Amino acid sequence: MLCFIYLLNISKIKENELTDEIIDKVLYKGIEDSGDKADCIIVLGSSKAVQYRVPAAVNVYNAGRSSKIMMCGGPTRNVVGENIAEAEKMRMKALELGVPDEAIICEKNSENTVENFLFALVELQRMFWLNNVHSILLVTTTYHMRRSLALAKYLFPSHIAIYPCPVDDTNTKKDNWMKSEEGRKRAIAEVENIIRCVRNGAFPDFEI
């Protein structure tokens, strides 16, 4: 029996015509962890990074896949009376989980995913010199990985390979995002964000 694979450019997807199949392909196809080693692990910040992303990054570190972990995220917004950077909270969690302080790099200035990578480049330059960095392990939530990978590959120098290390949260796993109102809402919003990024030139168009 013949099997046909249909490819679709992100820029051609219409927000009002999203199907579960398209959402699944955009967010989850081909972003599996390859098991590669790298010069540094980069962990993107979020309100729940300490709960999901940091423990996963520590597991990657403990597996000997990199000797450095960079925590990315600036001051927490919209939290009354709190100005501690997300990266600092993430650092404290990593220390709690046994990572030595000298293995942790903190990027405390970024306020969104684009800035995560721009400021991460500065920290990589200061720590290693960019010409000495050849690969990165990128840790973020699974449904957030596609956009993060696209941004990192576009913003980072071409000699730096970016390897995905996706982390499942509760409601946006590949096998359950469609089973709850919250999961579906977040998945759809993320696909719409990817479409907008392509149309606005935040990163190049690509096929799924």
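Which helix holds both Arg 91 and Glu 88, and how many residues apart are they? Both lie in helix α3 (residues 86-96), three residues apart, about one turn of the helix. Helices here are DSSP runs of H or I with at least four residues, strands are runs of E with at least two, and both are numbered from the N terminus.

The model is predicted: local features need pLDDT of at least 70 and side-chain atom pairs count only at pLDDT 80 or more, while totals for chains, interfaces and linings use all residues. Residues are numbered from 1 along each chain as its sequence is written, and side-chain values use heavy atoms, with hydrogens and water left out.

## Salt bridges

A salt bridge is a side-chain nitrogen of Lys or Arg within 4 Å of a carboxyl oxygen of Asp or Glu. By this rule the model contains 12 salt bridges. Side chains of opposite charge can pair when their charged atoms come close.

| Pair | Distance, N to O |
|---|---|
| Arg 91 and Glu 88 | 2.7 Å |
| Glu 123 and Arg 126 | 3.8 Å |
| Arg 186 and Glu 182 | 3.6 Å |

Glu 123 and Arg 126 are three residues apart in helix α4, and about one helical turn separates them. Arg 186 and Glu 182 are four residues apart in helix α6 (residues 181-199), again about one helical turn. An α-helix has 3.6 residues a turn, so residues three or four places apart point the same way.

The surroundings of these side chains can be described by relative accessible area: buried is under 20%, exposed is over 50%, and partly exposed is in between (1.4 Å probe, protein chains only). Arg 91 is buried at 18%, and Glu 88 is buried at 14%.

In helix α1 (residues 20-28), the buried residues include Ile 22, Ile 23, Val 26 and Leu 27. Among the elements that cover the buried residues of α1 are α5 (142-155) and α6, where contact means heavy atoms within 4.5 Å. Just after α1, Gly 30 takes a positive phi of about 75 degrees.

A nonpolar core is a set of buried Ala, Val, Leu, Ile, Met, Phe, Trp, Tyr and Cys residues joined through side-chain atoms within 4.5 Å. The largest such core has 41 residues, and those with the most contacts inside it are Val 26, Leu 27, Ile 42, Leu 124, Ile 136 and Phe 156. At least two residues of this core come from each of α1, β1 (40-44), β2 (69-72), α4, β4 (135-141), α5 and α6. Leaving aside neighbours within four places in sequence, Phe 156 is in contact with Ile 42, Phe 117, Leu 121, Leu 124, Ile 136 and Ile 162. A second, separate core of 23 residues includes Ile 69, Ala 87, Met 90 and Ala 94.

## The loop residue Asn 112

Asn 112 is found in the loop between β3 (104-107) and α4 (113-128). Asn 112 is partly exposed, with a relative accessible area of 38%. Asn 112 and Leu 44 are 68 residues apart in sequence and 9.3 Å apart in space, C-alpha to C-alpha.
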